[in-house]
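Me: I would like to go through the labels put on this structure and ask what each one rests on. Please set each value against its cut-off.

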Amino acid sequence: MEPVKNKNVLISGASFAGLTSAFWMVEMGYKVTVVEIGSGLKMGGTPADIKDQTVDIVKRMGLFQQIKANRISLERWEFKMQKTLPSLPF
Ligand SMILES: Cc1cc2nc3c(=O)[nH]c(=O)nc-3n(C[C@H](O)[C@H](O)[C@H](O)COP(=O)(O)OP(=O)(O)OC[C@H]3O[C@@H](n4cnc5c(N)ncnc54)[C@H](O)[C@@H]3O)c2cc1C
(Lines give C-alpha, C1' and ligand atoms only; values in the text may rest on other atoms or scores of the structure.)
Protein backbone atom coordinates (compact mmCIF):
# COMPACT_ATOMS: atom_id res chain seq x y z
CA MET A 1 0.00 0.00 0.00
CA GLU A 2 1.30 3.45 -0.91
CA PRO A 3 2.05 5.78 2.04
CA VAL A 4 -0.53 8.52 2.62
CA LYS A 5 1.10 11.96 2.69
CA ASN A 6 -0.19 15.12 4.36
CA LYS A 7 -3.49 13.70 5.53
CA ASN A 8 -4.47 14.74 9.01
CA VAL A 9 -6.49 12.47 11.25
CA LEU A 10 -8.00 13.28 14.64
CA ILE A 11 -8.67 10.33 16.93
CA SER A 12 -10.82 10.86 20.02
CA GLY A 13 -9.93 8.53 22.88
CA ALA A 14 -6.56 7.11 23.86
CA SER A 15 -7.55 3.63 24.92
CA PHE A 16 -7.15 0.36 23.02
CA ALA A 17 -9.05 1.35 19.87
CA GLY A 18 -7.72 4.91 19.65
CA LEU A 19 -4.06 4.07 20.22
CA THR A 20 -4.12 1.00 18.00
CA SER A 21 -5.76 2.98 15.20
CA ALA A 22 -3.19 5.75 15.68
CA PHE A 23 -0.32 3.23 15.52
CA TRP A 24 -1.45 1.74 12.21
CA MET A 25 -2.45 5.06 10.66
CA VAL A 26 1.00 6.50 11.44
CA GLU A 27 2.47 3.35 9.84
CA MET A 28 0.39 4.16 6.73
CA GLY A 29 1.71 7.72 6.66
CA TYR A 30 -1.15 9.72 8.16
CA LYS A 31 -0.45 12.63 10.51
CA VAL A 32 -2.36 11.58 13.59
CA THR A 33 -3.44 13.58 16.62
CA VAL A 34 -4.98 11.72 19.55
CA VAL A 35 -7.09 13.57 22.11
CA GLU A 36 -8.10 12.06 25.44
CA ILE A 37 -10.62 13.46 27.90
CA GLY A 38 -9.13 11.56 30.85
CA SER A 39 -6.59 13.43 32.96
CA GLY A 40 -3.97 10.68 32.98
CA LEU A 41 -3.28 6.98 32.93
CA LYS A 42 -5.86 4.85 34.66
CA MET A 43 -3.92 3.18 37.43
CA GLY A 44 -6.59 0.70 38.48
CA GLY A 45 -9.17 -1.53 36.89
CA THR A 46 -9.38 -5.04 35.58
CA PRO A 47 -6.36 -6.46 33.74
CA ALA A 48 -6.95 -7.13 30.04
CA ASP A 49 -6.31 -10.55 28.58
CA ILE A 50 -3.99 -10.63 25.58
CA LYS A 51 -4.55 -13.95 23.87
CA ASP A 52 -5.54 -15.61 20.59
CA GLN A 53 -5.43 -13.22 17.63
CA THR A 54 -4.47 -10.29 19.87
CA VAL A 55 -1.07 -11.94 20.35
CA ASP A 56 -0.51 -11.87 16.59
CA ILE A 57 -1.51 -8.21 16.44
CA VAL A 58 0.82 -7.09 19.25
CA LYS A 59 3.62 -9.12 17.64
CA ARG A 60 3.05 -7.28 14.35
CA MET A 61 3.15 -4.02 16.30
CA GLY A 62 6.48 -5.03 17.85
CA LEU A 63 5.03 -4.83 21.36
CA PHE A 64 4.86 -8.48 22.37
CA GLN A 65 8.14 -8.74 24.29
CA GLN A 66 7.48 -5.45 26.13
CA ILE A 67 3.99 -6.57 27.12
CA LYS A 68 5.27 -10.00 28.18
CA ALA A 69 8.00 -8.44 30.31
CA ASN A 70 5.47 -6.24 32.12
CA ARG A 71 2.65 -8.75 32.52
CA ILE A 72 1.07 -9.44 35.84
CA SER A 73 0.12 -12.84 37.10
CA LEU A 74 -2.95 -13.68 39.10
CA GLU A 75 -1.86 -15.81 42.01
CA ARG A 76 -5.17 -15.87 43.81
CA TRP A 77 -8.81 -15.30 42.89
CA GLU A 78 -11.34 -14.60 45.54
CA PHE A 79 -15.09 -14.40 44.99
CA LYS A 80 -16.86 -12.43 47.70
CA MET A 81 -20.60 -12.80 48.05
CA GLN A 82 -22.06 -11.25 51.17
CA LYS A 83 -20.53 -10.06 54.39
CA THR A 84 -22.07 -12.96 56.25
CA LEU A 85 -20.64 -15.64 53.93
CA PRO A 86 -17.00 -16.78 53.86
CA SER A 87 -15.03 -15.88 50.76
CA LEU A 88 -14.31 -18.66 48.26
CA PRO A 89 -10.62 -18.75 47.36
CA PHE A 90 -9.34 -20.60 44.30
C1 LIG B 1 -14.77 -4.68 33.93
C2 LIG B 1 -14.31 -4.88 32.50
C3 LIG B 1 -13.35 -5.87 32.21
C4 LIG B 1 -12.92 -6.08 30.91
N5 LIG B 1 -11.99 -7.03 30.66
C6 LIG B 1 -11.53 -7.23 29.41
C7 LIG B 1 -10.51 -8.20 29.14
O8 LIG B 1 -10.01 -8.89 30.02
N9 LIG B 1 -10.09 -8.34 27.85
C10 LIG B 1 -10.60 -7.58 26.84
O11 LIG B 1 -10.17 -7.75 25.70
N12 LIG B 1 -11.57 -6.66 27.08
C13 LIG B 1 -12.05 -6.46 28.32
N14 LIG B 1 -13.03 -5.54 28.56
C15 LIG B 1 -13.55 -4.78 27.43
C16 LIG B 1 -12.58 -3.68 27.07
O17 LIG B 1 -12.33 -2.88 28.22
C18 LIG B 1 -13.21 -2.84 25.98
O19 LIG B 1 -13.56 -3.67 24.90
C20 LIG B 1 -12.20 -1.82 25.51
O21 LIG B 1 -11.79 -0.98 26.57
C22 LIG B 1 -12.82 -0.97 24.43
O23 LIG B 1 -11.78 -0.12 23.99
P24 LIG B 1 -12.10 1.23 23.30
O25 LIG B 1 -10.78 1.88 22.98
O26 LIG B 1 -13.04 0.99 22.17
O27 LIG B 1 -12.94 2.07 24.35
P28 LIG B 1 -12.56 2.56 25.87
O29 LIG B 1 -11.54 1.63 26.49
O30 LIG B 1 -13.87 2.76 26.51
O31 LIG B 1 -11.84 3.92 25.58
C32 LIG B 1 -12.50 5.11 25.21
C33 LIG B 1 -11.54 6.26 25.52
O34 LIG B 1 -12.10 7.47 25.00
C35 LIG B 1 -11.99 8.48 25.99
N36 LIG B 1 -13.04 9.46 25.71
C37 LIG B 1 -14.37 9.34 25.94
N38 LIG B 1 -15.01 10.46 25.54
C39 LIG B 1 -14.06 11.29 25.03
C40 LIG B 1 -14.10 12.60 24.46
N41 LIG B 1 -15.26 13.28 24.32
N42 LIG B 1 -12.95 13.17 24.05
C43 LIG B 1 -11.77 12.50 24.19
N44 LIG B 1 -11.66 11.26 24.74
C45 LIG B 1 -12.80 10.66 25.14
C46 LIG B 1 -12.16 7.73 27.30
O47 LIG B 1 -11.65 8.47 28.39
C48 LIG B 1 -11.35 6.47 27.02
O49 LIG B 1 -9.98 6.61 27.31
C50 LIG B 1 -13.46 -5.30 29.85
C51 LIG B 1 -14.41 -4.29 30.14
C52 LIG B 1 -14.83 -4.08 31.45
C53 LIG B 1 -15.85 -2.99 31.75
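Predicted model: local features only at pLDDT ≥ 70, side-chain atom pairs only at ≥ 80, totals over all residues.

Me: What pattern does the protein follow along the sequence?

Reply: The pattern is β-α-β-α-α-β-β, with three helices and four strands. Helices (H or I, at least four residues) and strands (E, at least two) are DSSP runs, numbered from the N terminus.

Me: Why does D52 count as exposed?

Reply: A residue is buried if 20 or more other C-beta atoms lie within 10 Å of its own, exposed if 12 or fewer, and partly exposed in between, with C-beta atoms placed from the backbone. D52 has 8 C-beta neighbours inside 10 Å, so it counts as exposed. D52 is found in the loop between β2 and α2, and has a positive phi of about 50 degrees although it is not a glycine.

Me: Why is Y30 called partly exposed?

Reply: Y30 has 19 C-beta neighbours inside 10 Å, and therefore counts as partly exposed. Y30 lies in the loop between α1 and β2. Leaving aside neighbours within four places in sequence, Y30 is in contact (C-beta atoms, placed from the backbone, within 7 Å) with V4, K7, V9 and M25. Y30 and V4 are 26 residues apart in sequence, with 5.7 Å between their C-alpha atoms.

Me: Why is helix α2 said to lie largely in the open?

Reply: Helix α2 covers residues 53-60, and the number buried among its eight residues is zero, so it lies largely in the open. For the protein of 90 residues, 0% count as buried.

Me: How do you know that β1 and β2 pair, and in which sense?

Reply: Two strands pair if DSSP finds at least two bridges between them. Between β1 and β2 (residues 31-35) there are five bridges, in the parallel sense. V9 stands opposite V32 in β2, and I11 stands opposite V34 in β2. From β1 the chain crosses through helix α1 (residues 16-28) to β2 in a right-handed β-α-β crossover. Right-handed applies if, with the strands pointing away from the viewer, the path from the first strand over the helix to the second runs clockwise.

Me: What makes the span of α1 agree with its number of residues?

Reply: The expected span of a helix is 1.5 Å times one less than its number of residues. For the 13 residues of α1 this should be 18 Å, and the end C-alpha atoms are 18 Å apart, so the two agree. α1 is followed by G29, with a positive phi near 105 degrees.

Me: Which residues come nearest to the ligand?

Reply: A residue is near a molecule if its C-beta atom, placed from the backbone, lies within 6 Å of it. There are 14 residues around the ligand, and G13, S15, A17, I37 and T46 come nearest. α1 gives the most to this shell, with three residues.

Note on methods
Residues numbered from 1 in each chain as written. Contact = placed C-beta atoms within 7 Å.
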